[in-house]
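This briefing covers a helix, a sheet and a chain contact. The sequence and structure come first.

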Amino acid sequence: MTSKQKPAVDPVIIVMLGIVFLAIAFALLVFKPNDQSLGFDAGSGAWNQLLVAFVTGITTGGLSCLAVQGGLLASSLAHQIEQDYVEQSAHHKRGNRLPRSNSAFPIMLFLISKLGAYTLLGALLGWLGSYLTLSPMTRAMVMILVGVFMIGNALRMFNVHPIFRYFSIEPPKFITRYIRRTAKGTDTFTPLFLGALTVFIPCGVTQAMMATALGTGSAAMGAALMFAFVLGTSPVFFIIAYLTTELGARLEKFFMRFVAVVLLILGFVTLDGGLNVLGSPLSFQNLTRSLIPSNSTPAPVSESTQPESDSDTIVLNVNNDGYFPRTLNAPAGTAVTLNLVTNQTYSCARDFVIPALNYYELLPDTGTVQVGIPAQKAGSQLFFTCSMGMYTGVIVFQ
Amino acid sequence: MIKKTFKIPDMTCSACAMKLESLEDALDGVKEVNASYHRLEMTIEYDDSMLTEEQVIAAVRKKGYTAIGA
């Protein structure tokens, strides 16, 4: 169907708006913080990660996916939409009108199939990642690689240098040929099949999300992450897939620039998280720590629920929104006991890491865990972080 | 049969390569098309008794790209 043959009534718009609202409502329901119904480590960090995946999908993923997969969807639908239009025209001449449901139906089949396929792929990647994620250090390396990959893809989109073109993974020829030829079909099975096959032609943002799923080291979390991401992409994919036929490629360049900017930001955030988990003083958070005032600077915090501090004992509160204080002072030249105090803490701050000591512990949601820290030189620093590199802090030895 | 390589400077992603490879189905006389986004080029094998270089360039233009004979 060409844009000149635009039908007067467009139920597709109603359907796509419905999908947007359903997706948002579903996301709000599913990604509700502190809901532990899925059974995996449902700390708010995990839910935040899912929410970020969903938002990434709805903001950039859909547009980016569309650049790679949209043509296939459009070609698979073209005949059906055209046929639908002819049927509608015939009925219109006879004085009655058919609802244009056929054009929305295959797109929905395509997206549902894609959602299912990517969720399975996420589970597979997470499962594989459980063998690869041996330590927070491994996770840090994966995060750094993912960050570099995202930044490289963003720079590719900005056409900074030809070398960045190699950040785009080209699917094998036999796969693209097979998909292209399958896309010519017009039956119900075709969009279902084609939607599932999109796992073989992921866009740059999807590839980055797949790498993140690998880094989760959990089949459930990997599946949930990819589900959240693809769910986010779906309404955008649906809307743009439809509007593209109406607006052409006029807005494509604008969208691609937007995708590149968001990808660049996410890339730097991921890279920074990786550097945090490595305990690098070069991460953005660690570099800027002195510039941002830390609240409750004095190290010991005495409350009835936590142990008293003495000169060789320091106390760190592990809260849902990070570590307090973020900068701890400790005596140099003597062994120190670090008391990690949690109180209904469900965020990823529980996954406590001191990279330099190769210390990693999943803290109880409520309680105190003691960490023995060997004597450190005066002026030295020990960085600590959550296993995702989101929340950080430092112990300064004086 | 003749094999020709064209530079396609305006490819922007691997989807462009896939789009160009669909010339296999769109043009009579084409045996195989291999397009690479990494190298920004397209190699096409076609029957020169059925198709001319100008027709190939025109078909590429119709897809939204510029083909420059290497």
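In chain A, helix α4(A) is followed by Asn159(A), which has a positive phi near 60°. Helices (H or I, at least four residues) and strands (E, at least two) are DSSP runs, numbered from the N terminus. The model is predicted: local features need pLDDT of at least 70, side-chain atom pairs count only at pLDDT 80 or more, and totals for chains, interfaces and linings use all residues. Residues are numbered from 1 along each chain as its sequence is written, while chains are lettered from A and ligands numbered from 1 in the order in which they are written.

**Helix α4 of chain A**
- α4 (residues 136-157) of chain A has 22 residues and spans 31 Å from first to last C-alpha, close to the expected 32 Å (1.5 Å times one less than the number of residues).
- Because 16 of its 22 residues are buried, α4(A) is largely enclosed by the rest of the structure (buried: 20 or more other C-beta atoms within 10 Å of the residue's own, C-beta atoms being placed from the backbone).

**Sheet of chain B**
- An open, antiparallel sheet of four strands runs β2-β3-β1-β4 in chain B (strands pair if DSSP finds at least two bridges between them).
- Its edge strands, β2 and β4 (68-69) of chain B, each pair on one side only.
- Six bridges join β1 (residues 2-7) and β3 (residues 41-46) of chain B in the antiparallel sense.
- Lys3(B) is opposite Glu45(B) of β3(B).

**Contact between the chains**
- Chain B contributes 12 residues and chain A 10 residues (contact: C-beta atoms, placed from the backbone, within 7 Å).
- α1 (14-21) and β2 (30-36) of chain B each supply at least two residues of chain B's side, and α1(B) gives the largest share, six residues.

Conventions. Contact = placed C-beta atoms within 7 Å. Buried ≥ 20, exposed ≤ 12 C-beta atoms within 10 Å, placed from the backbone.
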